[in-house]
Amino acid sequence: MSLPAAAAPRGEPVPGDAATLAPAAPGRLGVAVTVEEAARYLPALERWVAARRTELDALDRAALASPHGAGATDDLLLSMALWKSVADRTALLGATWAGGRVGPVERERLSTLVWGRLDTRVTAPGPSGGLGETAAGLAVSLPEACRLSDALVASLRVRLGLDLSAAEVTARLRALRAQLERIREQVGTEPPGTHQQQGSATAARLARRLAEVGDKAGRGGDVHGLGGPLEIEASTVERDLIVGAARRREAASRLERARALRSQLEAREAALEQLVRDCVDAVDPAPRYAVPDVSALGPVPNTPALLETYLGRLEQVSRAMAVVQGAYGQALRDHEELVARLDALRAKAAALGVADQPDLRRAHALAAETLARRPCPSAIAAQLVALYVSYLAAATDPREPRAVPSAPRTPEEPHP
């Protein structure tokens, strides 16, 4: 489960040390970060990436040594995948930052890199509370990936039974309070309905348990057995909320993409119908392709499964339209090329002073009349243009007939 090498230097904290929390990200998508915000955030993010790698290495070693380590394998794999995605994005941020040499364009690019979607594979929670089927392409931003990594590491530390010092109990309670606040904020972004009500109830229940643990710790009681399960549940809840929000954004993105693609295809359909009419009027024979009917696909659905199928059908329609456009467009271009070629040959003949020769004049008139016909018989027009080429070649390169010399006669050969 080892991680790839990182350029940043690493320390060697022991497994029981307090976990590092990701720094708060500046700005938001579409709003350029300021130079001051970037100067504070990027070094803090680089330190977090280095410290998180060290933590994951320590957790990996603890999992290998723990009898319960097999149950943490999925969470460790996901944590490593998240770390790699965040580390790659941090490297891009550093390259864009370029030591502070940034202008308005670079600052907008920094904001996009921070709040845009990461190239990662996020694993969805399985029915048993662990990690199950991998879902690709979730719209997880850099701050969400960092928070998800924080939650997973907190859960892993408790699951692997790493001892907490007395000082760390206070730090853990503080981290739990911050995590609970993030859960409340995440619940607020849920759409109104059953899920939001369930999330609010879960957040309230976690708050009561946290208050009980805090009160007991304040009285000097042992809270190791109470804090661990609370951290695991809070981390699981936060992870589920983040993944659920990412899935909703992805579904909304697919819906918007389907609507936009359908509108584009409807516009292409109208343009293709006009192209087909122009081609049929201009050339004979014209291609025999039907323009796909976008309305036959029905309205855009709003459920994820149906949307995926609908997007596939829209892509098929787009490819079919490309075939239709290519065929009819090529037929029109071939006709235009014949017209242009005949005009060029006529200009060449005029420049050479042979355009008024009877053969060339008749050949040009016949070819031009055929090309102007609607629809134009393409094969005949091509042959007539080729005929004009032949007449022009004969007119500009005449060959004089030469007398064939008779063979010499021998003296013995009698005269006829």
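These legends walk through several close-up views of one predicted model.

The model is predicted, so local features here need pLDDT of at least 70 and side-chain atom pairs count only at pLDDT 80 or more, while totals for chains, interfaces and linings use all residues. Residues are numbered from 1 along each chain as its sequence is written, and side-chain values use heavy atoms, with hydrogens and water left out.

**View 1. The whole chain, before we zoom in.**
The chain has ten helices and four strands; helices (H or I, at least four residues) and strands (E, at least two) are DSSP runs, numbered from the N terminus. Going along the sequence, the pattern reads α-α-α-β-β-α-α-α-α-β-α-α-β-α. Of the 416 residues in the chain, 39% are buried. Here "buried" means under 20% relative accessible area, "exposed" means over 50%, and "partly exposed" is in between (1.4 Å probe, protein chains only). Look at the contacts with a separation of 6 or more: 76% of them link residues 24 or more positions apart. A contact means heavy atoms within 4.5 Å.

**View 2. Helix α9 and its buried face.**
Helix α9 covers residues 358-372, and its 15 residues should span 21 Å at 1.5 Å a residue; the end C-alpha atoms are 21 Å apart, which agrees. (The expected span is 1.5 Å times one less than the number of residues.) Which residues of α9 are buried? They are L360, A363, H364, A367, T370 and L371. Seen down the axis of α9, these buried residues fall within an arc of 135°, so they line one face of the helix. That arc is taken from the directions from the helix axis to the C-beta atoms. Here's a handy rule: an α-helix has 3.6 residues a turn, so residues three or four places apart point the same way. Turned away from the buried side of α9 is a face that carries the exposed residues R362 and A372. The buried residues of α9 pack against α8 (304-352), β4 (376-377) and α10 (378-396).

**View 3. Helix α8 beside α9.**
Start with α8 itself: its 49 residues should span 72 Å at 1.5 Å a residue, and its end C-alpha atoms are 70 Å apart, which agrees. Just after α8, G353 takes a positive phi of about 80°. The axes of α8 and α9 come within 11 Å and cross at roughly 155°. Axes are lines fitted to C-alpha atoms, for helices over the stretch in contact, and angles run from 0 to 180 degrees between N-to-C directions. The two helices α8 and α9 are therefore roughly antiparallel to each other. For such labels, angles under 35 degrees count as roughly parallel, over 145 as roughly antiparallel, 65 to 115 as roughly perpendicular and the rest as oblique. The contact is made by H335, L338, V339, L342 and R346 of α8 and H364, A367, A368 and L371 of α9.

**View 4. Helix α8 beside α10.**
How do α8 and α10 lie, roughly parallel or roughly antiparallel? They pack at an angle of about 15°, with their axes 11 Å apart, and α8 and α10 are therefore roughly parallel to each other. On the α8 side the contact includes L338, L342, L345 and L352, while the α10 residues include A381, V385, Y388 and L392. The crossing of α8 and α10 is left-handed, a label used if the near helix is turned anticlockwise from the far one by less than a right angle (right-handed if clockwise).

**View 5. Helices α2 and α4.**
Helix α2 (residues 73-97) packs with helix α4 (residues 142-159) at an angle of about 145°, their axes being 9 Å apart. The crossing of α2 and α4 is left-handed. Among the contact residues are L76, L82, V86 and L93 of α2, together with A145, C146, L152 and L156 of α4.

**View 6. L29 and S111.**
L29 sits in the segment before α1 (35-65) and is exposed, with a relative accessible area of 54%. Leaving aside neighbours within four places in sequence, L29 is in contact with S111, T112, W115 and G116. L29 and L113 are 84 residues apart in sequence and 8.9 Å apart in space, C-alpha to C-alpha. S111 lies in helix α3 (residues 104-115), and counts as buried at 1% relative accessibility. Not counting residues up to four places away in sequence, S111 touches R28, L29, G30, V31, A32, V33 and G116.

**View 7. R373 in its loop.**
R373 is found in the loop between α9 and β4. At 39% relative accessibility, R373 counts as partly exposed. The C-alpha atoms of R373 and D281 are separated by 9.6 Å, although these residues are 92 residues apart along the chain.

Technical notes:
Expected span 1.5 Å × (residues − 1).
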